[in-house]
Structures are given as structure tokens and as C-alpha cells.
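Subject: Structure handover and notes on salt bridges

Hi,

Here is the structure I promised to pass on to you. Please open it alongside this email, as my notes follow below.

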Amino acid sequence: MIAPIILSLKISIAATLIVFLISSLLIKFLYKSTSLFKNIVETILIVPMVLPPSVVGYFILKVLGRRSPIGKFLFNNFNIQIIFSTEGAIIAAGIVSFPLMYQSIKSSVEAIDISYIEAARTMGASEWRIFTKIILPLCKPGILSGLVLTFSRALGEFGATLMVAGNIPGKTQTIPVAIYFAVESGDNRTANFLVLFITTLSFFFIYILNYRLKK
Amino acid sequence: MKFKKLIYSLLVVSLGTLTIGCTTTKEPAKKEEKPVSITISAASSLKNVLTDAKTEFEKQNKNVKININFGASGALRKQIEEGAPVDIFVSADSSNVAALKDKKLVDEDSVKTITSNKIVLIGSKDSNIKIKDLSELPNLTFKNIAIATPETAPAGFYSKESLNYYKVFDKIKSKIVYGKDVQTALSYVESGNAELGMVFYSDAKSSKNSKVLLEVPSNTHSKISYDCGIISTSKEKDTCKKIISFFTSDKGQSILEKYGFSPIK
């Protein structure tokens with residue numbers, strides 16, 4: 001019963017960190033752009049939030065599956081298989097939770113008054129100093145809520161994860177997957193325990209998000 | 001004018017149906033003609049064969065409409081326990097039907113064994129894995145082996161029993177990916193994402209993208225028998241009995257055999 005919890009935490013933390021890095025980089029590079037390219041990239045990255053997880057899972061299977069060019073390449077050259085692996089679960093959770101991180105950070109970056117930055121620049125502050133002393137503190141609430149939301153969403157990810165990573169106890173059997181199979185097989189004890197755990201944790205996160213971070 | 005026409009035609013139509021209604025009720029009631037709708041909950045390994053058998057049965061009995069709900073036997077049993085409106089339950093084992101019989105949810109005298117099956121080890125169609133018996137599994141190089149969830153799907157239960165018989169289950173545990181039913185396990189192998197899988201022979205036979213690598217001896221797992229029974233709340237028990245005797249008839253058995261099931265003697 002503990003194994004799915006540890007695994008879920010690992011997968012969610014990994015997904016959150018990767019998504020945080022990618023979002024930050026993308027926002028940095030796309031921030032000033034107003035091109036069609038930017039709009040299309042953004043839409044592609046946000047759309048998994050509204051797509052059914054089964055569709056996301058299907059795309060990942062088609063792109064990274066063993067019969068796909070990428071899947072074949074990874075397997076033949078590096079003996080890596082994404083499908084039915086912990087990495088697969090991280091990718092699924094990351095793609096589905098990405099929009100939450102991206103939107104949170106982006107809206108806080110866009111809310112920064114550009115005159116602060118210009119003022120700092122006229123007074124001779126280095127770009128690094130501007131970043132650490134102005135941009136980062138102003139974005140902190142957005143970053144924190146992005147982290148919390150992404151982590152919670154990754155923790156709860158079920159559909160795409162099951163399709164991509166399958167159900168391997170100790171390797172890809174996350175809390176939601178374990179709950180699904182426990183209920184199917186009538187194992188109420190495991191189901192109740194995991195349901196209680198994930199509900200409490202999610203409640204705690206959303207509480208923190210709403211009443212602590214946003215103050 | 002148009003409106004008047006419409007009213008007239010409506011009148012004519014309704015009168016017409018009324019008279020038709022009258023004449024049919026006056027005629028000596030032919031019981032057979034009453035449309036009957038039957039819901040069967042069936043093990044997912046029966047998907048292809050039952051779809052075929054259903055068409056055949058409906059051809060012979062024009063008034064019967066059969067709906068089939070496929071799933072893992074254990075999951076279907078749970079649905080019935082929760083009160084799902086089902087008439088016939090066909091399981092890929094005998095214990096799920098027996099459990100419902102004990103709870104008086106299945107009529108005791110209706111339980112029949114309709115067919116049997118074999119467990120096979122399969123690989124994707126281009127697989128070059130060579131294996132003589134399951135004890136060699138830990139020495140083979142592969143990333144994943146797909147089986148159905150043993151707790152809900154009988155195919156998985158038998159597979160696990162056989163793996164335990166050869167004492168290899170614990171050694172390959174971290175490579176086993178569990179499909180929710182046997183069809184899912186098969187699809188994992190067909191897509192190439194799992195190199196190996198353990199499914200029923202009938203599943204392997206229906207699949208073009210996988211091939212049988214090894215037939216698992218039947219003495220390494222408990223007896224495979226597909227049992228069925230009539231749910232006690234069914235209102236159409238006569239039709240249910242007819243369907244079950246169709247399964248056990250020569251015609252029914254030959255359909256089952258065509259799909260790779262082993263006949264019952």
C-alpha cells in the first residue's frame with residue numbers, strides 16, 4: 001500500500017520540476033514574441049488541459065511506442081523503452097499538468113510593471129540583478145501556485161498514465177492506478193486507504209494555495 | 001391548407017395504427033413473436049466468438065435482441081452484485097459464477113459449463129524469442145510481459161498460477177504489466193510495447209499481430225472452464241435457457257471451436 005504512494009510522489013516531483021524548467025525557458029523565449037509561431041506553440045502546449053486524457057495517452061503511445069520511429073530509435077540505440085516505464089508515467093503526468101504551470105508563471109510575468117525593470121536598468125543594475133531582485137520576487141506567488149497546482153494535477157493523473165505506463169506494481173502503479181485496480185478487484189481496504197491519503201493531501205495543497213500562498 | 005392536410009394525414013395514420021393494434025391483439029397470441037431483449041455479461045475473451053454466435057442466434061430467433069457487455073469476469077461479477085440489469089453471465093472460470101450462485105444471484109439449476117480454453121505465451125508477430133517452457137523466462141531478455149489482472153480476470157489468474165508453478169513469478173515480477181482484462185494484455189503485445197504476453201489460445205488465434213510462442217501445459221494451472229448462469233432477477237428465463245442450450249448445441253460448440261476454444265465433452 002505504501003509503494004504506490006512513494007512512486008506517485010517521485011513521479012509527481014519529477015514531472016513538476018521538469019515542467020517548471022521547460023515552462024520557465026519557454027516563457028523567457030516566447031515572452032516578447034507576438035508571432036504566429038508563439039501562438040501555435042502555446043496552443044499545442046495548453047490543449048492537453050482540455051483534451052480527454054485518453055487522447056493525450058493515445059498521442060504519446062503513437063509517438064513514443066515501440067513501433068514508432070522515435071520509440072524504435074530509442075530502443076535500438078539506447079535500449080530505452082518509454083512505454084510501461086516510470087519515465088513514461090513522468091512524461092504523461094508532465095504533459096497533462098504542463099498548462100497549469102505555464103499559465104500561472106506566464107500571468108505573473110505579464111503582470112510585472114515594465115517601468116520597474118526600466119528604472120532599474122537606468123540606475124545601472126545588471127540583468128542578473130534585475131532578474132533576482134525584481135522579476136523573481138514579483139513572480140513568486142505565480143511560481144508557487146504553479147508548482148502546487150502542477151504537483152497536485154500530476155499526482156492525480158490517471159487516464160494518460162494508465163495508457164502509457166500501464167499497471168506495474170512498484171514501477172508504474174501510481175495512487176490513482178492502484179485505486180482503480182483495487183476497486184475493480186474488490187480490495188476495499190487498499191482503495192479506502194489510498195483514497196483517504198490522496199484526498200487529504202489534495203485538500204491540504206489547495207488549502208495552502210488559497211489561504212497561504214495567495215496572501 | 002398545409003396544416004389541414006397534416007391534421008388529416010395524422011388522423012389517418014393514427015386510425016390505421018389503432019386498427020392494426022386491434023387486429024393483432026385479437027389474433028390468437030403467438031408467444032414467440034413478442035420482442036425480447038436479453039443482456040449478457042461475458043468475459044472479454046469471448047468477444048469475437050459471442051458476437052458471431054449472437055448473430056447466428058438472432059438469425060434463428062428473429063424476436064430476440066441480444067446485447068453483450070464484455071469485461072473482466074471478476075469486474076462483471078461485481079457489477080451483477082451491485083444490481084446491474086443482466087440476464088446471463090458467462091465467466092471465463094467457474095468460481096465467479098459459483099460465487100453468485102452462493103449469493104442466490106444466479107439460479108442454481110441454470111449453471112452450465114459451455115467451453116474450455118488454453119493458456120499460451122505469445123510474442124509480437126515479428127518476435128524471434130525462442131522458449132521451451134516458462135522456467136526459461138528469467139533468462140530471456142525482454143522488457144515487459146503482459147498478463148491480465150489476476151484478481152479480476154481469469155486469464156491472469158491462470159497465468160499467474162502457471163508462473164508460480166515454474167517458480168518464476170517473483171523473478172520476473174517487475175516486468176509484468178497488468179492489463180485490466182485479457183484483451184488489454186493482448187493489445188499490449190500487439191502494439192509491440194510488451195514483447196511477451198500470456199493470454200488464452202482463442203485470443204491469440206484471433207490476433208493477427210501476435211504469434212504463439214509456447215502452449216502452457218494445462219496441469220500447471222487450475223482447470224479452465226467457462227461457466228454461465230441465468231441471473232435470478234431476469235424476466236426472460238425461457239429465452240435465456242434457449243440461448244444457453246444454443247451454446248452447448250453442436251452448432252454453438254462448432255462456432256466456439258472455430259475461434260480456438262476447446263470443446264467440452
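These notes go through the salt bridges, chain by chain.

Please keep in mind that this is a predicted model. Counted over all chains, the structure holds 13 salt bridges, and a few of them are picked out here.

Let's begin with chain A. There, R121(A) and E127(A) meet through their side chains in a salt bridge, with 2.9 Å from N to O. R121(A) counts as partly exposed, because its relative accessibility is 44%. Also in this chain, E42(A), K106(A) and E110(A) are joined into one network by salt bridges that share partners.

Now to chain B. K258(B) pairs with D52(B) in a salt bridge whose closest N and O atoms are 3.3 Å apart. This pair links distant parts of the chain: K258(B) sits in helix α10 (residues 250-258) and D52(B) in helix α2 (residues 47-60), 206 residues apart. With a relative accessibility of 51%, K258(B) counts as exposed, since the cut-off for that class is over 50%.

Another salt bridge in chain B joins E81(B) and K103(B), and here the closest N and O atoms are 3.0 Å apart. E81(B) belongs to helix α3 (residues 73-81), while K103(B) is in the loop between α4 (95-102) and β4 (112-115), so the pair ties together parts that are 22 residues apart in sequence. E81(B) itself counts as partly exposed, because its relative accessibility is 25%.

Terms used: Residues numbered from 1 in each chain as written. Chains lettered and ligands numbered in written order. Predicted model: local features only at pLDDT ≥ 70, side-chain atom pairs only at ≥ 80, totals over all residues. Heavy atoms only, no water. Salt bridge = Lys/Arg side-chain N within 4 Å of Asp/Glu carboxyl O. Buried < 20%, exposed > 50% of the residue type's maximum accessible area, 1.4 Å probe, protein only. Helix = DSSP H or I, 4+ residues; strand = E, 2+ residues; numbered from the N terminus.
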